[in-house]
Amino acid sequence: MWQTIGHAWAVEQLSADIASGSFARASLFTGAEHIGKLHLAVEFAAALNCSGAEPPCQTCEHCRRTLTRSHPDLVVIEPDGGHVRIGQIREMQHELALRPYEGRWRIAIVTDMHTATEEAENALLKTLEEPPAHAVIILTAIDAGLLQPTVVSRCRVMALQPIQRQAIAAALTDRGLVEPVQAEEIARLSAGRVGWALEAAAHATVLQEHEQSVEQLLELLRHGHAARVSAAAALTKEDVPAQVLAEWQSAWRDVMLISAGCPELVTNRQQREALARLADMVSLEGAWRATTETLQAINQLDNPMRINAVKK
């Protein structure tokens, strides 16, 4: 039984492929941060080696160890210092070349492939072209367009979309994580990012940080150019500048909605009056431009320039 929240179409396709034995040997799951890419990848890996009747059964030894990332036939590669590096890919290639220890497949999951150095991506391409007979590779990235076309062309791409607010709220309530009213609030602020919603339900600081980021944006807009430049410099020193920008983007999206005559769709309701005043100042076109430029900044942070100065 799959535990993935939402993405029913992806779950159905993966289940059908496993049942028929015709699943892709290389997959690429794309979508926004915290939308559930890694969770789906790990469940897919569990299903591939599951010994139960309905993979992933969640209870067999293969499933339990895969879901805790302790299975000897699973390799998970995550960015090292902000990048997926060639040394990590070479280590993965060595692992995949070995025969499975216990399961049917040796499986590698590489997260945030859009952060890979050029050397790492080129090295991975060789494995995608000629994967070992017993190997399965699963990549995640925020957008396929941030990877080399030759890498994307050798993967089955599954583009995960934001999950409906009602589905997220129901999942939070059904799992007993929060009360219905708070579940609805979190779901609205999540913008379809189930991972963010689960984190917010588990840690109150997530909601607090979101509120603080939106307030920070509104405060900066009340000041001049110098203050904004100073804030931008300070932001680059934070560990998660992309997350702060994502919160800012949600505020600009609300400004767009207000300017377009759809205030009932606003997510940051506690700042609705301030956002309405901002909408009067910048117009729909200005809000759209700010939203677009913020998204571009997020993508640039997630896909840093691959230059020789980056350590391999």
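## Ground rules and overview

Helices (H or I, at least four residues) and strands (E, at least two) are DSSP runs, numbered from the N terminus. This is a predicted model, in which local features need pLDDT of at least 70 and side-chain atom pairs count only at pLDDT 80 or more, while totals for chains, interfaces and linings use all residues. Residues are numbered from 1 along each chain as its sequence is written, and side-chain values use heavy atoms, with hydrogens and water left out.

With that settled, here is the overall picture. The protein chain holds 13 helices and five strands. Of its 312 residues, 47% count as buried (under 20% relative accessible area; exposed is over 50% and partly exposed in between, with a 1.4 Å probe and protein chains only). Contact means heavy atoms within 4.5 Å; among the contacts with a separation of 6 or more, 72% come from residues 24 or more positions apart.

## Strand S1 and threonine 30

Threonine 30 lies in strand S1 and, at 6% relative accessibility, counts as buried. Leaving aside residues up to four places away in sequence, threonine 30 touches Lys37, Ala141, Ile142, Asp143, Ala144, Val157, Met158, Ala159 and Leu160. Threonine 30 and glycine 145 are 115 residues apart in sequence, and their C-alpha atoms are 9.8 Å apart in space.

## Two aromatic pairs

A pair of aromatic rings is described by the distance of the centres and the angle of the planes. Rings of Phe, Tyr and Trp (its six-membered ring) pair if their centres lie within 6.5 Å; planes under 30 degrees apart count as stacked, over 60 as edge-to-face and the rest as tilted. A search of the whole structure finds two such pairs. Phenylalanine 23 and tryptophan 105 form an edge-to-face pair, at 5.2 Å centre to centre and 80 degrees between the planes. Phenylalanine 23 lies in the loop between helix H1 (8–20) and strand S1 (26–30) and tryptophan 105 in the loop between H4 and strand S3 (106–110), so the pair ties together parts that are 82 residues apart in sequence. Phenylalanine 23 is buried, at a relative accessible area of 13%.

Phenylalanine 29 and phenylalanine 44 have ring centres 6.4 Å apart and planes at 45 degrees, so this pair is tilted. The pair links distant parts of the chain, 15 residues apart: phenylalanine 29 is in strand S1 and phenylalanine 44 in helix H2 (residues 37–49). Both phenylalanine 29 and phenylalanine 44 are buried.

## Asparagine 49

Helix H2 is also the place of asparagine 49, which is buried with a relative accessible area of 3%. Not counting residues up to four places away in sequence, asparagine 49 touches His62, His71, Asp73, Gly103, Arg104, Trp105 and Ile107.

## Backbone points to check

A cis peptide bond joins proline 55 and proline 56, with omega about -10 degrees. Proline 56 sits in the loop between H2 and helix H3 (61–67).

Two residues have a positive phi although neither is a glycine: aspartate 112, at about 50 degrees, and serine 283, at about 70 degrees. Aspartate 112 is found in the loop between S3 and H5. Serine 283, by contrast, lies in helix H13 (residues 272–302) and, at 38% relative accessibility, counts as partly exposed.
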